[in-house]
Amino acid sequence: MTIAVTGATGHLGRLTIDALLRRGVPASDVVAVVRNPAKAAELAGQGVQVRTADYADRAALETALAGVDKLLLISGSEVGSRVPQHINIIDAAKAAGVGLVAYTSIPDAPNNTLQLAQEHQVTERLLAESGLNHVLLRNGWYWENYTNDLAGTAERGVLAGSAGDGRVAGAARADYADAAAAVLASDENQAGKVYELGGDEHLTYPELARAISDVTGKPVEYRDLPVEQYRGILESAGLPAPVAAVLADADAGVATGVLDVTGGDLQRLIGRASTPLETVLRAAL
């Protein structure tokens with residue numbers, strides 16, 4: 001049973017391969033699809049098959065997916081370019097005869113109002129229309145989203161956002177990777193299944209700020225801002241305007257509850273509780 005992972009040298013891809021190996025999948029049965037094979041030297045050293053293909057290269061993708069039974073399609077990182085990239089992968093998977101595609105989507109994708117959800121909605125529809133057997137892994141928010149500027153947040157003493165009193169059911173990136181590995185390594189038929197994935201903790205941003213304060217030892221408060229003002233702050237911090245707009249919109253979505261995932265799918269798949277926010281914060285220091 002050959003299992004391929006796209007974006008295999010990215011954070012989620014690499015963690016998923018690690019989780020597959022921990023679950024007993026032989027390294028020789030794992031295919032790492034990467035843009036730059038030099039970055040996958042360690043994987044190759046473990047016996048993982050490394051194949052080179054860019055999301056934009058349809059022919060290379062088909063070659064890379066030859067003989068693959070199951071594929072984890074990790075959604076592209078280029079917001080605004082994901083749909084054509086995903087079309088290439090779906091078409092390549094179909095041409096290569098892949099038996100099952102697992103796709104990393106977003107919570108409650110059909111009804112999700114976030115800007116970030118739009119390309120996921122289209123990709124889910126394309127998968128449904130493709131005729132490929134597929135399973136949807138609707139990943140919730142990563143706690144790591146709050147660690148990119150952890151030191152800066154602690155120094156400023158302010159966690160800014162537009163989330164109001166909404167809650168986030170976050171989990172560690174490794175938790176979502178482990179869930180993907182559990183689905184891919186399972187002998188159970190996964191075709192047609194949908195997993196809504198979120199963590200055990202359901203935290204407001206004031207609670208996030210207190211957790212950051214506890215871990216860093218510096219007082220941090222949450223400052224709730226209008227969406228446009230928060231977007232401006234993100235742009236002034238150096239983020240491209242489209243990215244800042246998507247992130248500010250996601251915070252506004254938190255206020256409406258779109259990232260407060262319940263149901264326990266993540267915990268059932270990984271067989272344990274999700275990683276606490278505190279653990280993720282301490283690992284980032």
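Okay, let's start with α7, which is mostly covered: 11 of its 13 residues are buried, where buried means under 20% relative accessible area with a 1.4 Å probe, protein chains only. Before I go on, this is a predicted model, where local features need pLDDT of at least 70, side-chain atom pairs count only at pLDDT 80 or more, and totals for chains, interfaces and linings use all residues. Residues are numbered from 1 along each chain as its sequence is written, and side-chain values use heavy atoms, leaving out hydrogens and water.

Helices here are DSSP runs (H or I, at least four residues), numbered from the N terminus. The buried residues of α7 include Arg-173, Asp-175, Tyr-176 and Leu-184.

On to α8, residues 205-216. Its 12 residues should span 16 Å at 1.5 Å a residue, and its end C-alpha atoms are 16 Å apart, so the two agree; the expected span is 1.5 Å times one less than the number of residues. Tyr-205, Leu-208 and Ile-212 are among the buried residues of α8. Just after α8, Gly-217 takes a positive phi of about 75°.

Last, a pair. α9 (residues 227-236) and α10 (residues 241-256) pack at about 140°, axes 8 Å apart. Those axes are lines fitted to C-alpha atoms over the stretch in contact, with angles from 0 to 180 degrees between N-to-C directions. Who makes the contact (heavy atoms within 4.5 Å)? On the α9 side, Tyr-230 and Leu-234 are among the residues involved, and on α10 they include Ala-244, Leu-247 and Asp-251.

Note on methods. Helices (H or I, at least four residues) and strands (E, at least two) are DSSP runs, numbered from the N terminus. Contact means heavy atoms within 4.5 Å. Buried means under 20% relative accessible area, exposed over 50%, partly exposed in between (1.4 Å probe, protein chains only).
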